[in-house]
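Here are my notes on this one, jotted down as I went through it. Have a look at the fold first, then read on.

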Amino acid sequence: AQQLNQSPQSMSIQEGEDVSMNCNSSSMLNLLLWYKQDAGEGPILLIKLLKGGELARNGKLTAQFGGTKKDSLLNISASEPKDAGTYFCAGSTVLPKHLQPALKLAMSTPVTVLSQFLLS
């Protein structure tokens with residue numbers, strides 16, 4: 001069976017720092033999706049990757065699909081408190097022409113962004 005793993009399991013960062021997380025699959029994927037989910041909300045699609053080696057951007061988010069189509073890296077630059085949330089990847093090994101692919105979800109990565117307060 002296809003295995004999809006994500007790392008790190010969680011992270012806590014300072015505001016302004018860059019964030020990177022990985023998604024790895026045991027088999028080649030035809031499609032890889034990155035999502036973000038906020039507490040009490042449904043998941044929001046951030047980036048869709050279809051081609052090996054593809055680099056996609058969405059604002060300050062950048063994701064790259066590995067050349068073997070078995071892994072992806074998601075990077076968030078200059079993090080802000082609003083970037084906090086749970087990020088997860090989903091992948092499909094079969095891409096039907098007219099059907100939604102059956103997606104395998106990875107374990108998610110909760111990201112906490114610690115705001116920096118200026119003390120007078």
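**Notes on the model**

1. A caveat before anything else: this is a predicted model. Everything below should be read with that in mind, since the values are computed from predicted coordinates.

2. Overall make-up. The protein has zero helices and eleven strands, and reading along the sequence gives β-β-β-β-β-β-β-β-β-β-β. Of its 120 residues, 35% count as buried. As for how the chain comes together, take the contacts between residues at least 6 apart in sequence: 55% of them join residues at least 24 apart.

3. The disulfide. How many disulfides does the cut-off give? The count is one, and the bond runs from Cys23 to Cys89 with an S to S distance of 2.0 Å. That pair passes because the sulfur atoms have to lie within 2.5 Å. The two cysteines sit in distant parts of the chain, 66 residues apart, with Cys23 in strand 3 (residues 19-25) and Cys89 in strand 9 (residues 85-92). The torsion about the S-S bond is about 75 degrees, so the disulfide is right-handed.

4. The main core. The largest nonpolar core has 20 residues, and those with the most contacts inside it are Met21, Leu32, Trp34, Ile47, Leu49 and Leu74. Which strands supply at least two residues each? They are strand 2 (11-14), strand 3, strand 4 (31-37), strand 5, strand 7 (61-65), strand 8 (71-76) and strand 9. Apart from this core lies another, of five residues, including Leu31, Leu33, Phe88 and Ala90.

5. Leaving out residues up to four places away in sequence, Ile47 touches Leu32, Leu33, Trp34, Ala56, Arg57, Asn58, Leu61, Thr62, Ala63 and Leu74. Among these, Asn58 is eleven residues from Ile47 along the chain, and their C-alpha atoms are separated by 6.8 Å.

6. Tyr35, for a look at strand 4. Tyr35 is found in that strand, and at 16% relative accessibility the residue counts as buried because the limit is under 20%. Tyr35 and Leu45 are ten residues apart in sequence, with 4.5 Å between their C-alpha atoms.

7. The pocket. The largest pocket has a volume of about 160 Å³. What lines it? The lining residues are Lys36, Ile44, Leu46, Lys60, Leu61, Ile76, Lys82, Asp83 and Tyr87. By class, the lining has five nonpolar, no polar and four charged residues.

Conventions:
Residues are numbered from 1 along each chain as its sequence is written. This is a predicted model: local features need pLDDT of at least 70, side-chain atom pairs count only at pLDDT 80 or more; totals for chains, interfaces and linings use all residues. Side-chain values use heavy atoms; hydrogens and water are left out. Helices (H or I, at least four residues) and strands (E, at least two) are DSSP runs, numbered from the N terminus. Contact means heavy atoms within 4.5 Å. A nonpolar core is a set of buried Ala, Val, Leu, Ile, Met, Phe, Trp, Tyr and Cys residues joined through side-chain atoms within 4.5 Å. Buried means under 20% relative accessible area, exposed over 50%, partly exposed in between (1.4 Å probe, protein chains only). On a 1 Å grid over the protein atoms alone, a cavity is a set of points where a 1.4 Å probe fits but cannot get out, and a pocket is an open set with protein on both sides within 12 Å along at least five of seven lines; lining residues have an atom within 4 Å of a point. Grid points are joined across faces, edges and corners, and a volume is the space filled by probe spheres set on the points. Ala, Val, Leu, Ile, Met, Phe, Trp, Tyr, Cys and Pro count as nonpolar, Asp, Glu, Lys and Arg as charged, and the others, Gly among them, as polar.
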